[in-house]
Every structure is written in C-alpha cells, then in structure tokens.
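Here is a friendly walk through one model, in questions and answers. Have the viewer open and follow along.

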Amino acid sequence: METIELKQSVSVKNILLATDFSEVSRRAAPYAAAIASRFGSKIYLVHVMPMEPLMPVPMEHLPAPMDRSRVEADREMKEFLRGDWLGETPHEVLLERGPVWDALSELIQRDEIDLLVLGTHGRGGLKKIILGSVAEELFRRASCPVLTVGPAVPAEPEGAREFRQILFATDFGPASLHALPYAISLAKQSKARLILLHVVMPVPVLDVGSYWYTGTDVIEQQKTARTRYIARLKELIPPEVKLPFDPEFLVDFDFAPDAIVKIAADSKADLIVMGVNQSAWARASAHLPWATAHEVVCQAKCPVLTVRS
C-alpha cells in the first residue's frame with residue numbers, strides 16, 4: 001500500500017474567491033470568510049471579465065474610467081462586498097480580463113494561493129458549472145485545493161461555518177491518497193468527526209459469469225468485500241494520528257456519485273473531501289458518465305473540497 005506522508009496541519013494563508021456576482025457565488029463567500037477567520041488568511045476576490053472584442057483597427061486599451069465593462073464590474077464588486085460577511089478579514093479586490101483558467105492559474109501562482117473557492121449552479125444534463133462552464137477545468141487543473149459550493153448547498157448565515165462531520169470519499173487511488181491529509185488535518189483542526197467511505201461499483205449483469213460466481217449469493221459477496229475494504233480504510237489512518245473522535249468506516253455498493261451524495265446527506269456531513277485526477281481535457285470530462293467529482297459537486301448539500309493528484 002502506498003505510504004501516506006501526513007501533513008501535520010493545513011496552511012491556508014491565501015484564499016482566492018472567484019465570483020461572477022451571481023447568487024451561487026455569493027453563497028460561497030461566507031465559507032471563504034469562515035475558513036479565513038479560522039486560519040488567519042487573506043482573501044483575494046477576483047472577477048474575470050471576458051476578452052475585449054476584436055477591433056478592425058488596432059487601438060490602445062481604454063483608460064479605466066472609460067472601460068464600460070470594467071466600470072460595471074467595479075460597481076458589482078462593491079455591491080458584492082456589501083454587508084459584514086468579511087468582518088476584519090484582510091482582502092484584496094482583483095478585476096482581471098481574459099480566459100478564466102488563464103487568469104486564475106496566473107493568480108494562483110503569483111499570489112501563492114492555498115485554496116480556491118468557487119460557487120456553482122446547474123444547467124441541465126450533467127449540470128454545467130459557472131465561470132463559463134470551466135469549474136471542472138479549475139478543480140482538475142488548479143495546483144491548490146478547490147472548495148466548491150454547489151447549487152444544492154443551502155444559503156448559510158454570514159456567521160462562521162463549522163465543519164462537524166467530514167466525509168472523505170476514496171477509491172484508494174493516488175489522487176484520493178493525496179487528498180487524505182487534508183481531510184485528517186481539517187478534522188483535527190475543526191474538532192470534527194471523520195467518516196471514510198469507499199464505494200464499490202455494482203457489477204453489470206452482462207459481466208457476471210461462472211468465473212465470477214463462486215456459489216454464494218450477492219449478499220455474501222458484498223459482506224466479504226465490505227470486510228476487506230473496511231480493513232483497507234482503517235489502514236489509511238496512521239497509528240500516530242490522534243483524531244478528536246473515533247473515525248467511522250463505511251463501504252457502499254452503488255454508483256459512486258449517488259452513494260457519496262446520499263451518505264453525505266445521511267451523515268449530515270458539513271464537508272466532502274475527495275481527490276481528482278489531473279486532466280488536460282477537463283471540460284470534456286465533465287460530460288462523461290464517470291465524472292464522479294463533477295456530479296458530486298453538482299448534487300451535494302455541502303461544500304466539496306477537491307485535491308488534485
């Protein structure tokens with residue numbers, strides 16, 4: 001089994017909160033503020049404006065007071081900042097122009113961002129996400145963890161948000177093992193209960209043959225598998241780690257997104273932590289049936305922290 005190098009604590013010095021000024025992105029703001037308050041972080045609020053249309057004759061960039069899109073973005077940003085949700089949290093406002101991924105990836109590197117926070121909404125099918133439908137691209141390619149607040153997450157009060165139950169979903173692959181230290185560290189720092197979940201995909205009927213069937217029924221097969229996988233889940237917690245509560249270990253037999261969302265709801269999880277594989281074709285992967293992280297983000301009733309492999 002792969003050795004886990006456990007971080008003693010998660011450092012969140014700089015948070016990048018991306019907004020398109022929609023209601024769903026406003027819903028993500030209190031989570032960013034709550035984490036910043038706990039970790040003493042600085043928040044960078046960024047809105048990415050679309051590229052200026054091509055002009056038939058090359059022109060210099062308009063001065064800021066004459067750039068209508070920038071003036072409108074500045075007005076909306078001031079409206080976004082109304083209220084007391086930031087409290088005394090240090091923050092900086094950024095208005096960028098260009099492709100969203102290009103702008104945010106540059107900011108992540110330049111400002112040494114430790115956490116990217118997004119708000120999302122669903123639009124039919126597998127539910128495309130805001131920011132020009134590139135949130136999948138962001139949480140698969142960002143070099144830092146991404147906290148995504150999806151459309152099913154209820155609006156929260158502006159006060160601090162505590163993580164009392166943290167669900168860590170794992171397939172035992174490199175990406176989820178890389179996400180595990182974040183789940184453990186957040187559980188320790190938040191004094192939360194950690195629930196470790198592994199989902200076994202159901203075997204299609206057409207794939208069930210004599211070589212698979214050993215004379216026992218499906219329930220017996222699942223019982224044996226559950227025992228084996230729970231043992232593997234227990235091995236994920238290093239013996240030297242002292243959690244505030246005894247962790248819970250669960251194995252479920254279902255399609256992964258459905259199981260993760262259901263168990264998160266049943267356990268009243270305040271946060272889901274999972275790994276995602278890096279992909280150069282992240283936008284296309286959002287439309288594939290195995291895009292587990294994408295579907296969980298769209299359906300979960302709590303924020304989802306994704307950590308790239």
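This is a predicted model: local features need pLDDT of at least 70, side-chain atom pairs count only at pLDDT 80 or more; totals for chains, interfaces and linings use all residues.

Q: Is R228 buried, partly exposed or exposed?

A: Buried means under 20% relative accessible area, exposed means over 50%, and partly exposed lies in between (1.4 Å probe, protein chains only). R228 has a relative accessibility of 43%, so this residue counts as partly exposed.

Q: Over the ring of which residue does the charged end of R228 sit?

A: A charge sits over a ring if NZ of Lys or CZ of Arg is within 6 Å of the ring centre and within 35 degrees of the ring normal. The charged end of R232 meets this rule over F172, 4.0 Å from the ring centre. For R228 the distance to the ring centre is 5.0 Å, and the ring is that of Y229.

Q: How many aromatic pairs does the count come to?

A: Rings of Phe, Tyr and Trp (its six-membered ring) pair if their centres lie within 6.5 Å; planes under 30 degrees apart count as stacked, over 60 as edge-to-face and the rest as tilted. By this rule, the count of aromatic pairs is three.

Q: Why is the pair of F21 and F80 edge-to-face?

A: F21 sits in the loop between β1 (14-18) and α1 (23-39), and F80 in helix α2 (residues 68-80), 59 residues apart. F21 is buried at 8% relative accessibility, and F80 is buried at 3%. The ring centres of F21 and F80 are 6.2 Å apart, and the pair is edge-to-face because the planes make an angle of 65 degrees.

Q: What are the rings of F172 and Y229: stacked or edge-to-face?

A: F172 is buried at 11% relative accessible area, and Y229 is buried at 17%. Their ring centres lie 6.2 Å apart with planes at 15 degrees, so the pair is stacked.

Q: At what angle do helix α8 and α10 pack?

A: Contact means heavy atoms within 4.5 Å, and A256, P257, D258, I260 and V261 in α8 meet T292, E295, V296 and Q299 in α10. Axes are lines fitted to C-alpha atoms, for helices over the stretch in contact, and angles run from 0 to 180 degrees between N-to-C directions. The axes of α8 (residues 256-266) and α10 are 9 Å apart, and the packing angle is about 35 degrees.

Terms used:
Residues are numbered from 1 along each chain as its sequence is written. Side-chain values use heavy atoms; hydrogens and water are left out. Helices (H or I, at least four residues) and strands (E, at least two) are DSSP runs, numbered from the N terminus.
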